[in-house]
Amino acid sequence: MENIKLNIDKTFGCTSAAEVKALEQKVMAAIEGLEKGTCLGNDFLGWLHLPSSITKEHLDDIKACAKTLRDNCEVVVVAGIGGSYLGARAVIEALSNSFQWLLKSQNGPIMIYAGNNIGEDYLAELSEFLKDKKFGVINISKSGTTTETALAFRLLKKQCEDQRGKETAKKVIVAVTDAVKGAARKTAETEGYKTFVIPDNIGGRFSVLTPVGLLPIATAGFDIDQLVAGARDMEAATAASVPFDQNPSAQYAACRNALYAKGKKIEILVNFQPKLHYMMEWWKQLYGESEGKDLKGIFPASVDFTTDLHSMGQWIQEGERTIFETVISVETPEKNLVVPSDKENLDGLNFLAGKRVDEVNKMAELGTQLAHVDGGVPNMRVSVPRLNEYYLGQLIYFFEKACGISGGVLGVNTFNQPGVEAYKKNMFALLNKPGYEEESKKIQAKLGK
Ligand code: PA5
């Protein structure tokens, strides 16, 4: 099977092959740090050889639970935030029909998401939508105490029990959480829910190939064997024994660091397939939370093209030259749609007649690359043969491995996220959470109350 491919040639001009090569030693040292477990944050390296260590029994257990949810639910709500939902949503949306909501005959439950915001309207409208629907919940939280998720789950649990009765609710509520600690574990054990464990040594943003991602993806009806197979093949393609020049994750990590050293502080991940929107969101979390610390790190941004060429396109073409782009290019779409010929040609589009829509999209992609490179935006390209489970598995592992390497080259602890605690501390103090009495006093004084 072919692999996804990285092309960095269009960054040369800003950086060069020699400058990328000059990072070889640092990159290989970062790979060794991951492999030997000597890097910063080395208690969170469970993702590194995860694809090759997932057993058939584990996948069968996940599939059996997914089947119970599929057989008993019209809707499944995935409750989680950050690493506890973005990976699942990224894969599910990339593989789903764009209009799945509106399709009359559903092949399995509709997948929706909650616990990733505290919008009262969102939660109230979700509750209205779920009224009279046979719904189930996958409650995902490693800590088991994340406010957004816990709050949504409290509401969903009550509604599910009220609508379906406590006994049925027990069958269609599943918890994916820590093996022993946290409120989600406690609730699951008290209520008798089916549970899956998030390993201690895998952080949220690296957890899509654990039940955090695999259970929702299987519940949505997608092939998790293939997803894991793709990741496993990319694990081999990026192994420590693979030479620097042939390791796509090493090349990507080196190139983005070479660009960063040239003042390119913002990386824009680009897609030309709207279904990849959430893959960008997942990637932003992976890189933003991993690298943005110690007052450094490339800012990860994203755009959906050609849509955003009509908005952000101006900034990218002519704004401050602090950006580079990484384009995820899907080689072959799953569907085939040809532009029809029109006798009257009132819209003047007959020059496209007979062409596949994707050919038009590909020329937009090439034209954009040429224009942006000419405009001083270095451009990397990740070619993905097709949007299927196998290649998404490859893509996920490719980015995870590159992130581990890139953080090592940057010299940060890739696997912690101390910065996300600051807002939580303030919020709990403002809400008078028990245990935050001192912080409450301080924050009230700060606000002049
Ligand atoms: O990557 C991370 O560690 C975070 O984004 C977490 O996934 C997120 O904060 C949710 O945490 P939890 O799973 O503990 O609810």
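Is F99 buried or exposed? With a relative accessibility of 56%, F99 counts as exposed, where exposed means over 50% relative accessible area, buried under 20%, and partly exposed in between (1.4 Å probe, protein chains only). The structure is a predicted model, in which local features need pLDDT of at least 70, side-chain atom pairs count only at pLDDT 80 or more, and totals for chains, interfaces and linings use all residues. Residues are numbered from 1 along each chain as its sequence is written, and side-chain values use heavy atoms, with hydrogens and water left out.

**The surface around F99**

- F99 lies in the loop between helix 5 (86-95) and strand 3 (110-114); helices (H or I, at least four residues) and strands (E, at least two) are DSSP runs, numbered from the N terminus.
- Together with W101 and L102, F99 forms a nonpolar surface patch of about 400 Å² accessible area.
- Such a patch joins nonpolar side chains (Val, Leu, Ile, Met, Phe, Trp, Tyr) within 5 Å, or like charges within 9 Å, from residues with over 30% relative accessible area and no salt bridge.
- A salt bridge is a side-chain nitrogen of Lys or Arg within 4 Å of a carboxyl oxygen of Asp or Glu, and accessible areas come from the Shrake-Rupley method with a 1.4 Å probe, only the protein chains shown counting as cover for residues.

- R89 belongs to helix 5 and counts as buried, at 16% relative accessibility.
- Apart from neighbours within four places in sequence, R89 is in contact (heavy atoms within 4.5 Å) with Y113 and Y278.
- The C-alpha atoms of R89 and I112 are 8.8 Å apart, although 23 residues separate the two along the chain.

- An open sheet of 5 strands has the order 3-2-4-5-6, with parallel pairing; two strands pair if DSSP finds at least two bridges between them.
- Strand 3 and strand 6 (194-197) are at the edges with a single partner strand each, so one side of each has no neighbour in the sheet.
- From one strand to the next, the twist averages 20 degrees, with axes fitted as lines to C-alpha atoms (for helices over the stretch in contact) and angles running from 0 to 180 degrees between N-to-C directions.
- Strand 2 and strand 3 run parallel and are joined by 5 bridges, and A79 stands opposite A114 in strand 3.
- Strand 5 (residues 173-177) is joined to strand 6 by 4 bridges, also in parallel, and V174 stands opposite K194.
- Helix 9 (residues 183-191) packs on this sheet, touching strand 4, strand 5 and strand 6, at about 150 degrees to the direction of strand 6.
- Helix 4 (residues 56-72) lies across strand 2 (75-79), strand 4 (135-141), strand 5 and strand 6, at about 140 degrees to strand 6.

- Strand 7 (residues 266-271) pairs with strand 8 in the parallel sense over 6 bridges, and N271 has D304 as its bridge partner.
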